[in-house]
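I opened this entry to keep track of what I looked up, one topic at a time. The notes follow the order in which I went through the model.

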Amino acid sequence: MVFNMSKSEEEEARNALVKFYSQLSHSNGAVDPSIGWNMSSDPCIGEWEGVFCDSKNVSVKKIVLDGFSLTGLLDAASLCTPQSLAVLSLQENNFMGDISEEIGNCKQLTHLLLSGNKLSGILPDSLSNLNNLKKFEISNNSFSGKLPNLARISGLVSFLADNNHFTGPIPYFDFSNFQLFNVSNNNFSGPVPNLKGRFGLDSISGNAELCGEPLSNVCPPSPSKKKNHSIEHILMYGGYILIGLLLVIFVAYKIVAKKKHTGEPQDNLDIVKPKGVSVDTSINQPSIVSNEHKLGASKTEYSMNSAESAMMSTSMVVLSSPVVKGMKFEDLLKAPAELLGRGKHGSLYKIVLEDGMPLVVKRIKDWAISGEDFKRRMQKIDATKHPGVLPALAFYSSKQEKLVVYRFEQNGSLLKLLYGSQNGVAFDWETRLSIATKMAEALAFMHKELLDDGIAHGNIKSSNIMFNQNMDPCISEYGLMVLDNQDNSTLVNGNNGHKTRDHAYSTFKVDLYGFGVILLELLTGKLVDNNGLDLAKWVHSVVSEEWTVEVFDKNLVKEGASEERMVNLLQVALKCTNASPEARPSMNEVASMISTIKEEEEGSIVSDVW
Ligand SMILES: Nc1ncnc2c1ncn2[C@@H]1O[C@H](COP(=O)(O)OP(=O)(O)OP(=O)(O)O)[C@@H](O)[C@H]1O
């Protein structure tokens with residue numbers, strides 16, 4: 001994330017770059033002083049060769065030192081200190097050693113071009129966190145080992161890694177958007193990915209252990225299938241044995257209980273029948289004993305008795321995430337909980353598990369959805385993974401309430417960041433555009449995948465955009481809000497009383513509205529009121545008076561952000577917040593409009609160099 005740099009940060013960035021350069025030598029001997037990289041000048045104003053800055057000459061955007069005959073280590077820790085760096089091009093030099101984990105600090109990197117050096121070692125996993133990366137080129141080096149999961153970088157369009165010593169499988173890139181791809185002359189193995197007809201055999205040749213179409217090598221049958229099969233059998237028979245045992249224990253228990261309490265009403269026994277949540281007695285509900293209503297108290301605790309505990313562990317569903325592998329519902333209930341907020345439809349608690357892991361639990365009350373439908377819904381959402389969407393880790397359902405567990409994101413929400421900007425900690429145009437682009441892509445993906453199931457987000461707003469540990473934005477609480485008629489008529493004009501299908505459709509259009517409001521917040525630096533109407537109304541009225549420029553955040557104007565691109569983004573926001581839901585575009589259209597604006601922005605940066 002690029003916040004406007006303070007003086008000390010500028011100094012730190014300059015120190016780091018000088019350090020990086022001082023460790024190098026020219027092929028003719030020491031570093032070349034004429035290149036101008038020294039502490040007595042400024043990288044942006046002092047004409048450091050190969051360094052390019054933003055339009056205000058404040059932050060370093062590009063370092064291009066191709067063919068400078070430089071020898072030495074690629075000190076990523078120093079190079080990535082100016083976190084604004086978008087282009088790093090050190091091709092055709094004599095850089096040695098490996099790329100260290102710190103390359104992951106170069107969050108804004110769009111171009112990492114290192115072909116034609118003497119680099120070696122295994123690529124660090126942190127490379128796969130460079131979500132802005134478009135071009136990654138490392139041909140003609142001596143890298144080895146398996147590639148990190150580069151396929152998760154959705155915007156990657158160029159990957160050149162030919163003439164190295166890589167092993168293992170080729171990642172499953174989405175080749176439909178790729179412009180350049182070459183991994184020839186390595187030691188890759190396993191099946192050839194579907195190149196979507198975009199690249200020929202020459203892009204994969206020289207890897208003797210690759211197999212499958214279009215190569216003549218046929219892939220051997222996968223042993224994992226066989227293994228899975230036997231695991232399935234073990235699980236199945238294990239399950240039968242377990243059920244049998246439970247039945248025996250249950251029958252024995254009933255016989256003993258009957259003997260002990262002859263004459264006691266049968267109802268009491270029903271309470272401990274393992275019917276889970278379907279038994280509608282108060283003892284089957286997770287009682288969250290809260291003292292939040294007490295003056296000044298912000299802590300809450302969950303409590304339960306042993307019968308509840310037994311039933312809850314069976315009704316808790318832990319999803320596929322390895323983060324909470326083996327977590328039991330009791331672990332949640334035991335943990336002290338702190339109320340983080342209470343919205344119209346539920347409350348959010350922070351809890352800390354015994355091993356110190358912080359989680360949040362969303363508690364939704366009185367949601368008229370059956371346990372089965374809720375389960376199906378949560379599983380559908382879980383199966384639709386996107387790096388820009390915070391996955392649920394587990395969920396629980398009873399008649400009165402639903403609980404959903406997420407990772408605790410300590411870097412806070414977009415709302416907090418916007419508040420921060422009002423307190424003087426501004427964040428720049430490029431960062432805001434990048435947040436808008438990533439959120440639009442994530443939401444468009446979710447809408448596309450979940451359209452048929454009618455599962456929209458339902459409550460898109462800046463407090464539901466969280467920043468993960470890499471400061472990448474991600475949408476939280478996807479699909480936890482099904483609008484009631486009142487919400488619907490507030491946000492979706494003219495759509496009262498429509499039937500279920502229309503209702504689902506409207507929820508998608510409500511997401512568009514919510515997303516449009518977020519764009520307005522990013523552009524104006526102003527916050528919406530609770531129902532999100534005022535900001536949109538205000539912007540629409542100012543624009544209709546042809547005072548468009550007046551709406552923009554003064555910090556963006558001061559920074560010299562492109563007015564043309566801000567106006568373009570404002571047009572998108574206005575389309576999304578159109579009072580008529582039918583007139584709002586689809587999320588897919590929005591994502592492509594914003595991506596065009598982002599490309600224009602990047603084009604303006606890169607065109608300074610090439
Ligand atoms: N996974 C998370 N980690 C850390 N903080 C979170 C997480 N999810 C939400 N929060 C923050 O906790 C606070 C309370 O969240 P909550 O969802 O109750 O608020 P809300 O978004 O205003 O309400 P609602 O979503 O019910 O309309 C918000 O400031 C939100 O940004």
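**Ligand shell**

I sorted the residues of the shell around the ligand by type and got 6 nonpolar, 9 polar and 3 charged. The model is a predicted one. The shell holds 18 residues, and the closest to the ligand are G341, G343, L348, S413 and S463. I then looked up which elements give two or more residues to this shell: they are strand 18 (337-342), strand 19 (346-352) and strand 22 (401-407). By domain, the shell takes at least three residues from domain 2 (265-407) and at least three from domain 3 (418-609).

**Whole chain**

I counted 15 helices and 24 strands in the protein chain. Of its 610 residues, 37% are buried. I also checked the contacts between residues at least 6 apart in sequence, and 51% of these join residues at least 24 apart.

**Helix 7**

Helix 7 covers residues 371-383, which is 13 residues. From first C-alpha to last I get 18 Å, close to the 18 Å expected at 1.5 Å a residue. I listed its buried residues as R377, M378 and I381. They lie on the same side of helix 7, because the arc they cover around the axis is only 95°. I noted E372 and A383 as exposed residues on the face turned away from that buried side. What do the buried residues of helix 7 pack against? I find strand 21 (394-397) there.

**K365**

I located K365 in strand 20 (residues 358-365). Is K365 buried or exposed? I record K365 as exposed because 10 other C-beta atoms lie within 10 Å, and the cut-off for exposed is 12 or fewer. Leaving aside neighbours within four places in sequence, I find K365 in contact with G346, Q400 and E401. I also took the C-alpha to C-alpha distance from K365 to K344, 21 residues apart in sequence, and got 9.6 Å.

**L195**

L195 is in the loop between strand 14 (187-191) and strand 15 (209-211). I count 18 other C-beta atoms within 10 Å, so L195 is partly exposed. L195 and P214 are 19 residues apart along the chain, and I put their C-alpha atoms at 9.7 Å from each other.

**Positive phi**

I noted E92 for a phi near 55°, a positive value in a residue other than glycine. E92 lies in the loop between strand 5 (87-89) and strand 6 (94-97). I class E92 as partly exposed because it has 17 C-beta neighbours inside 10 Å.

I noted E477 as well: its phi is positive, about 60°, although E477 is not a glycine. I place E477 in the loop between strand 24 (473-475) and helix 10 (485-491). E477 has 26 C-beta neighbours inside 10 Å and therefore counts as buried; the cut-off for buried is 20 or more.

How values were computed: Residues numbered from 1 in each chain as written. Predicted model: local features only at pLDDT ≥ 70, side-chain atom pairs only at ≥ 80, totals over all residues. Near = placed C-beta within 6 Å. Helix = DSSP H or I, 4+ residues; strand = E, 2+ residues; numbered from the N terminus. Nonpolar A, V, L, I, M, F, W, Y, C, P; charged D, E, K, R; others polar. Domains from an automatic or database assignment. Expected span 1.5 Å × (residues − 1). Arc of directions from axis to C-beta. Contact = placed C-beta atoms within 7 Å.
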